[in-house]
Amino acid sequence: MSTQAFERARLRTARELAGLSQTRLAREAGLTPAAISQFESGAARPSPETTGVLARVLAVPPAFFGEAMTGSHDGFFRSLRRTSVTDRRRARAIAHVAHDLAVHASAVGRFRAADMPCLPVSSLQAQQAEIEEAAARVRSLWGLPPGPVSNVVELLEGHGVAVTRLPLDNHDVDAFSLPFPDHPVVVLGSNKNDRARSRFDSAHELAHLVLHGEQIWGVKEVETQAHQFAAAFLMPADDIHDQLPTTVDWPALFHLKQHWQVSLAALLMRARTLGRMNENVYLTAIKTASARGWRRVEPVPLGRPEQPTRLLAYLTSADSTPARSVLPPQIVESLQTASAV
């Protein structure tokens, strides 16, 4: 490998995939922390021999360091205080590999380019009506009929979004997204047992890609807006308003949960937001659900969560051989396994 074929951002990605600090990597590679810092900043480039050592320590093919890399921000993570910096960085690095796979899949015609609507919010204090309109606009642009979205993950993949499950055993890392312009990445959390939550997570991350993009992220207001968008996208006001009960009618709510494929909690909040339930009725419903243990595990399970299929189909084909030759094998395998569960 020529010293010219070294993408400095790849070194940081490989290091974060391994969960190593610059100091730890330097020690294991027999280098100085200053050298690692210079390689990552672009102030210096490693020799072919040093690149080989770094590749061995970090368990990546040497060719990984020569791959072009598309930049993005640090990702839309919800529970910043609960999630460690190391876990966030590793999860983000895994998302970069998922993006790499989408790029390779696109090159052989197995993944389409994204057609993500760009509907930036006017401000962090945008009104609910603006968020509702944005959700309705996306449904219209993507040709969705009235009523429930049949499969949110399939919808995202069909519009060029690389969707994967997070191959980590850390439940503190929730779903998140990275707004790459060619193939945005949505990483769904490791909780695979709740279809309603998973669908809402997917719609929540779609909101970030549509409303926030590269512009604003990492603050409470954008998470609130993403929740509002997800509710409006999955339960359009014009379609669901008259179906929502005005009293705590559990049989009616159970039926709506099955029909709309959303949680009871989401239905109750939607009923409150749309003015079908007043504050007292809503609080009564929430207290009852909590007393019955439904805030933790809801009744009326909806079955297996929606699963990503596009990257999995690519990875199980011979077309993925070139990508496998340059990407970290353990990470690629873990992405394949996580998406196949």
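Start with the residues where helix H6 meets helix H9. On the H6 side they are Gln-128, Ile-131, Glu-132, Ala-134, Ala-135, Val-138 and Arg-139, and on the H9 side Gln-225, Gln-228, Phe-229, Ala-232 and Phe-233. By type, this contact of H6 with H9 has seven nonpolar residues, three polar and two charged. Keep in mind that this is a predicted model.

Now the geometry of that pair. Two packed helices are described by the angle between their axes and the distance between the axes. H6 covers residues 128–141 and H9 covers residues 220–234; their axes come within 8 Å and cross at roughly 50°. At that angle, H6 is oblique to H9. The crossing of H6 past H9 is right-handed.

Next pair: helix H2, residues 22–29, and helix H4, residues 48–58. Their axes are 10 Å apart, and the packing angle is about 110°. H2 and H4 are therefore roughly perpendicular to each other, since angles of 65 to 115 degrees count as such. H2 also passes H4 in a right-handed crossing. Which residues of H2 meet H4? Leu-25, Glu-28 and Ala-29 do, and their partners in H4 are Val-53, Leu-54, Val-57 and Leu-58. That contact of H2 with H4 divides into six nonpolar residues, no polar and one charged.

From H5, the residues involved are Arg-90, Ile-94, Val-97, Ala-98 and Leu-101, and from H16 they are Ile-331, Val-332 and Leu-335. Seven of the residues in the contact of H5 with H16 are nonpolar, none is polar and one is charged.

Staying with H5, look at His-104, which is found in this helix. Leaving out residues up to four places away in sequence, His-104 touches Glu-67, Tyr-314, Ala-323 and Val-326.

E2 runs antiparallel to strand E3, residues 185–188, and three bridges join them. Within that pairing, Ser-177 stands opposite Val-186 in E3.

Last item, charge pairs. Side chains of opposite charge can pair when their charged atoms come close. The structure holds 13 salt bridges. One of these joins Arg-195 to Glu-306, with 3.9 Å between the closest N and O atoms. Which parts of the chain does the pair link? Distant ones: Arg-195 is in helix H8 (residues 195–212), while Glu-306 sits in the loop between helix H13 (279–291) and helix H14 (310–315), and the two residues are 111 residues apart.

That is my part; over to the discussion.

Key: Residues numbered from 1 in each chain as written. Predicted model: local features only at pLDDT ≥ 70, side-chain atom pairs only at ≥ 80, totals over all residues. Heavy atoms only, no water. Axes fitted to C-alpha atoms, helices over the stretch in contact; angles between N-to-C directions. Helix = DSSP H or I, 4+ residues; strand = E, 2+ residues; numbered from the N terminus. Parallel < 35°, antiparallel > 145°, perpendicular 65-115°, else oblique. Left-handed = near helix turned anticlockwise from the far one by under 90°. Contact = heavy atoms within 4.5 Å. Nonpolar A, V, L, I, M, F, W, Y, C, P; charged D, E, K, R; others polar. Pairing = 2+ DSSP bridges. Salt bridge = Lys/Arg side-chain N within 4 Å of Asp/Glu carboxyl O.
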